[in-house]
Amino acid sequence: MKWADLDAQWQVLGLGADELRVYEALLSTPAGTTRAALAQRLALSTRQLRNAFERLDDRGFTRPARGSGLPVPDAPATALRNLIHLHQAELLRREAELEELTGSVDRIAAQLVSGAPAPRTIGIETLRGRAEIAERVTSLVVSATEEVALLDRPPYAASEPDGMPAPINMAEPVRRGVRVRAVVDREGLRFQGRARGLNELAAQGVQIRLGVDLPTKLIMIDRRMTLLPPTDAADPTATALVVSDSLLSNALVPLFEAVWERAVPIGSVTNGQVTDEDRELLTMLSSGLKDQAIARRLEIHVHTVRRRISRLMRELKAETRFQAGVQAAMRGWLTR
């Protein structure tokens with residue numbers, strides 16, 4: 001199998017089809033081959049070839065050319081190690097940013113706990129009580145013209161069967177052409193019916209990903225206003241914040257994007273070989289549920305669950321359940 005046949009996997013690591021084709025060609029191109037000849041051989045324009053060279057150099061796959069010749073490719077093992085090290089460094093950097101941004105959210109929450117009213121002069125509005133919060137959430141979502149973004153985690157109120165805040169119909173903005181993205185804490189999938197509900201929302205166009213230990217709940221509207229729901233949605237005296245100040249929004253927007261980038265897609269199936277039951281099973285498996293718990297959620301025997309997992313692992317050519325989850329996500333079996 002050629003490297004370029006693994007487009008989906010390599011795109012996750014920041015390399016596209018052109019870069020992989022060029023790298024593969026460099027490994028077997030005789031000395032003295034010109035750039036023009038290589039471009040013609042690969043059916044690439046001069047600009048496409050130059051961009052591929054720059055990308056390969058940035059990702060540590062090649063070393064600069066000698067004179068006007070072609071870049072020198074590193075051995076595949078060396079190139080892969082370079083690429084992995086780059087991604088490890090990027091993950092560490094983003095993790096540090098996420099910790100810093102989480103601290104901003106914690107300071108806002110601490111202000112609520114202290115009972116001090118939020119100053120309106122810096123664009124923070126306090127909402128008290130479930131009815132007031134629900135009314136404001138609905139009006140904010142209806143006002144969205146570009147995007148609704150959510151971070152969602154337990155605990156939930158009893159009226160939230162699909163894992164989303166009760167007042168929100170997430171499919172409604174999608175029907176109006178508004179992009180809807182949500183990251184759901186995987187702990188939420190332990191509640192009866194939540195995996196099915198999330199997959200139904202994904203089938204309607206909501207983009208859903210699965211995260212771990214989300215730092216807060218939030219609902220962001222068009223990147224201009226953010227509502228921080230109460231931690232405990234079941235509390236009738238719950239208090240929420242609406243943040244419109246640019247300084248705070250500049251912290252909350254990157255917070256959402258950092259969580260979104262690290263989350264794992266779940267939801268609608270793009271491969272006809274996978275049934276709705278398979279999708280729900282894979283979703284719950286990715287949440288860390290054990291076989292017995294999955295069997296209870298699906299209301300089937302645990303042996304049936306294990307047979308289905310074994311079949312999916314064979315289809316995915318995965319040796320472990322973790323590999324099965326990664327492969328399912330890469331193939332689009334869980335979401336778009």
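V148 is found in strand β4 (residues 147-152); strands (E, at least two residues) and helices (H or I, at least four) are DSSP runs, numbered from the N terminus. The structure is a predicted model, in which local features need pLDDT of at least 70 and side-chain atom pairs count only at pLDDT 80 or more, while totals for chains, interfaces and linings use all residues. Residues are numbered from 1 along each chain as its sequence is written, and side-chain values use heavy atoms, with hydrogens and water left out.

V148 counts as buried because its relative accessibility is 0%. Here, buried means under 20% relative accessible area, exposed means over 50%, and partly exposed lies in between (1.4 Å probe, protein chains only). Leaving aside neighbours within four places in sequence, V148 is in contact with M170, P173, V178, R179, V180, R181, I219, M220 and I221, where contact means heavy atoms within 4.5 Å. One of these residues, I219, is 71 residues from V148 in sequence, but the two C-alpha atoms are 7.1 Å apart in space.

V148 also belongs to the largest nonpolar core, which has 47 residues. A nonpolar core is a set of buried Ala, Val, Leu, Ile, Met, Phe, Trp, Tyr and Cys residues joined through side-chain atoms within 4.5 Å. V148, L227 and I294 touch the most other members of the largest core. Helix α12 (residues 302-316) supplies the largest share of this core, with six residues. Another core, of 18 residues, lies apart from it and includes L26, F61, L70 and A79.

Over the whole chain, 13 helices and 10 strands are found. Of its 336 residues, 45% are buried. Among contacts with a separation of 6 or more, 68% are between residues 24 or more positions apart. The accessible surface of the chain is about 17,200 Å², and 52% of this surface belongs to carbon and sulfur atoms. Accessible areas come from the Shrake-Rupley method with a 1.4 Å probe; for residues, only the protein chains shown count as cover.

Strand β5 (residues 179-185) and strand β6 (residues 207-211) run parallel and are joined by five bridges. Two strands pair if DSSP finds at least two bridges between them. In this pairing, V184 stands opposite L210 in β6. Together with helix α8 (residues 194-203), β5 and β6 make a right-handed β-α-β unit. A crossover is right-handed if, with the strands pointing away from the viewer, the path from the first strand over the helix to the second runs clockwise.

The loop between β7 (218-221) and β8 (225-228) holds D222, and R223 lies in the loop between β7 and β8 as well. D222 is not a glycine, yet has a positive phi of about 50°. R223, also not a glycine, has a positive phi of about 60°. D222 counts as buried because its relative accessibility is 12%, whereas R223 is partly exposed, with a relative accessible area of 42%.

D278 is placed in helix α10 (residues 276-286). With a relative accessibility of 3%, D278 counts as buried. The side chains of D278 and R311 are joined by a polar contact of 2.7 Å. A polar contact is a pair of N or O atoms within 3.5 Å; within protein, one must be able to donate a hydrogen and the other to accept it, and residues adjacent in sequence count only if both atoms are side-chain atoms.
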